[in-house]
Number of protein chains: 2
Amino acid sequence: MQTYVPFDARAPKSRLAEALSPAERGTLARTMLADVLAGLAALDREPTVLATDAVDVDASVRVDDRPLTPAVNDVLAEADGPVAVVMADLPLATPAALERLYAPDADVVLAPGRGGGTNALVARGPAFRVDYHGASIRDHRAAAQAVDATVAEVDSARLATDVDAPADLVEVLLHGRGEAADYLREIGFSVALTGDRVTAARDNEST
Amino acid sequence: MQTYVPFDARAPKSRLAEALSPAERGTLARTMLADVLAGLAALDREPTVLATDAVDVDASVRVDDRPLTPAVNDVLAEADGPVAVVMADLPLATPAALERLYAPDADVVLAPGRGGGTNALVARGPAFRVDYHGASIRDHRAAAQAVDATVAEVDSARLATDVDAPADLVEVLLHGRGEAADYLREIGFSVALTGDRVTAARDNEST
């Protein structure tokens with residue numbers, strides 16, 4: 001099965017601006033992509049990065065500068081077999097978690113993201129199309145039903161954890177085992193207790 | 001295996017105050033508890049609610065008015081076999097998700113909660129003790145290691161989703177299938193798009 005990992009090489013992660021500089025957000029995005037690619041490589045999947053611009057990664061790259069939805073839908077329209085689409089901002093995606101995406105024998109497999117997104121999916125059969133805007137998990141359930149596709153959902157916290165807001169960073173520190181977790185520690189982040197809340201706090205000496 | 005569901009009958013969910021009245025928070029807490037108990041009942045587990053005060057539920061109740069950690073540790077100390085502890089604020093906990101808690105053949109099984117918590121666990125063997133303060137998932141990993149217990153973690157978004165802040169409510173609307181989701185809809189909540197974010201918005205006529 002061909003696996004695509006969409007990656008926005010241009011405008012990474014603006015919601016993280018209050019926690020990270022633009023350069024740091026770019027580096028974090030690349031380490032998260034590396035973690036996802038490493039997880040797929042451990043499963044002997046050979047992913048293609050579907051990037052908005054040329055990007056230097058250890059995988060083949062298909063450049064498409066359009067928004068996510070049309071870029072992915074072109075991939076789905078062209079495919080002559082099943083296709084997997086795995087988001088690039090899933091630094092907790094271990095091989096074991098990713099393997100669960102490929103396991104169900106359903107026409108459409110959906111891995112929900114926290115906050116209504118669809119962090120990974122598999123489409124078997126040519127009719128299913130994506131729409132990543134808004135509460136995409138709900139739209140993708142409906143889209144699968146509209147083409148009479150059977151649907152399975154993957155109940156994985158690792159696949160549900162996309163990183164796009166400061167509150168997500170502590171998840172990487174608590175559960176990450178890859179480059180993104182290492183990078184956050186390197187630039188001074190650690191797990192802290194703020195009142196009753198567990199957060200990623202930054203060591204002032206590193207800022 | 002004996003399963004305990006801790007439930008705070010007195011001070012439910014203060015972080016939800018900006019979204020729900022005190023009475024609504026109480027009702028939501030009880031519907032979430034009902035969802036967890038229904039999930040366990042579907043697995044033929046016979047849970048005991050470990051409540052801070054008398055509570056009218058379809059399960060046996062053990063009253064212990066102390067904080068969570070000592071109440072659970074007394075249960076663990078008294079047990080003469082494996083014990084499961086499942087939090088009461090997990091309205092996405094389907095039978096399939098809960099079943100995964102009981103499956104691993106490890107001395108300690110941990111289901112992390114979002115934000116560093118431990119939303120469910122199984123302890124086989126008498127030595128393991130809990131400490132729910134702060135980043136408990138990290139402390140529980142260390143506590144298991146300290147007593148030479150083997151550890152497995154359950155990678156479940158459903159078990160990771162405890163509801164204690166307004167941002168959690170949309171998860172219930174998107175993925176819940178039980179009383180808590182019905183109740184939120186009944187009092188006027190629905191999935192909305194606010195800018196790029198998917199949120200639980202409330203119909204003004206119902207407030």
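**Notebook: cores, sheet and a buried threonine**

I looked up the neighbours of Leu28(B) in this predicted model: beyond residues up to four places away in sequence, Leu28(B) touches Leu16(B), Leu20(B), Val163(B), Leu169(B), Ala180(B), Tyr183(B) and Leu184(B).

I then looked up the second core, which is separate and has 65 residues, including Val172(A), Val85(B), Ala149(B) and Val154(B). I returned to the largest nonpolar core, which has 67 residues. The members that touch the most other members there are Leu28(B), Leu169(B), Leu184(B) and Phe189(B) from chain B, with Leu101(A) and Leu121(A) from chain A.

**Sheet of chain B**

I traced the strand order next. Chain B holds an open sheet of 7 strands, ordered β3-β2-β1-β4-β6-β5-β7, and the pairing is mixed. I noted β3 (60-63) and β7 (151-153) of chain B as the edge strands, each pairing on one side only. On average, neighbouring strands of this sheet are turned by 20° against each other, direction ignored.

I recorded helix α1 (residues 22-42) of chain B as packing on the sheet, where it touches β1, β2 (48-51) and β4 of chain B. The direction of α1 makes about 175° with that of β1(B).

I also checked one strand pair. In chain B, β1 (residues 2-7) and β4 (residues 83-86) run parallel and are joined by 3 bridges. Within this pair, I found Thr3(B) opposite Ala84(B) of β4(B).

**Helix α2 of chain B**

I asked which residues of helix α2 (residues 68-78) of chain B are buried. I listed Thr69(B), Ala71(B), Val72(B), Asn73(B), Val75(B) and Leu76(B). The buried residues of α2(B) pack against β1, β2, β3, β4 and β6 (118-123) of chain B.

**Thr118 of chain A**

I turned to Thr118(A), which lies in strand β6 (residues 118-123) of chain A.

The side chains of Thr118(A) and Ser136(A) are joined by a polar contact of 2.8 Å. A polar atom of the Thr118(A) side chain also lies 3.3 Å from the backbone nitrogen of Ile137(A).

Conventions. Residues numbered from 1 in each chain as written. Chains lettered and ligands numbered in written order. Predicted model: local features only at pLDDT ≥ 70, side-chain atom pairs only at ≥ 80, totals over all residues. Heavy atoms only, no water. Pairing = 2+ DSSP bridges. Helix = DSSP H or I, 4+ residues; strand = E, 2+ residues; numbered from the N terminus. Axes fitted to C-alpha atoms, helices over the stretch in contact; angles between N-to-C directions. Contact = heavy atoms within 4.5 Å. Buried < 20%, exposed > 50% of the residue type's maximum accessible area, 1.4 Å probe, protein only. Polar contact = N/O pair within 3.5 Å; in protein donor to acceptor, adjacent residues only side chain to side chain. Core = buried A, V, L, I, M, F, W, Y, C linked by side-chain atoms within 4.5 Å.
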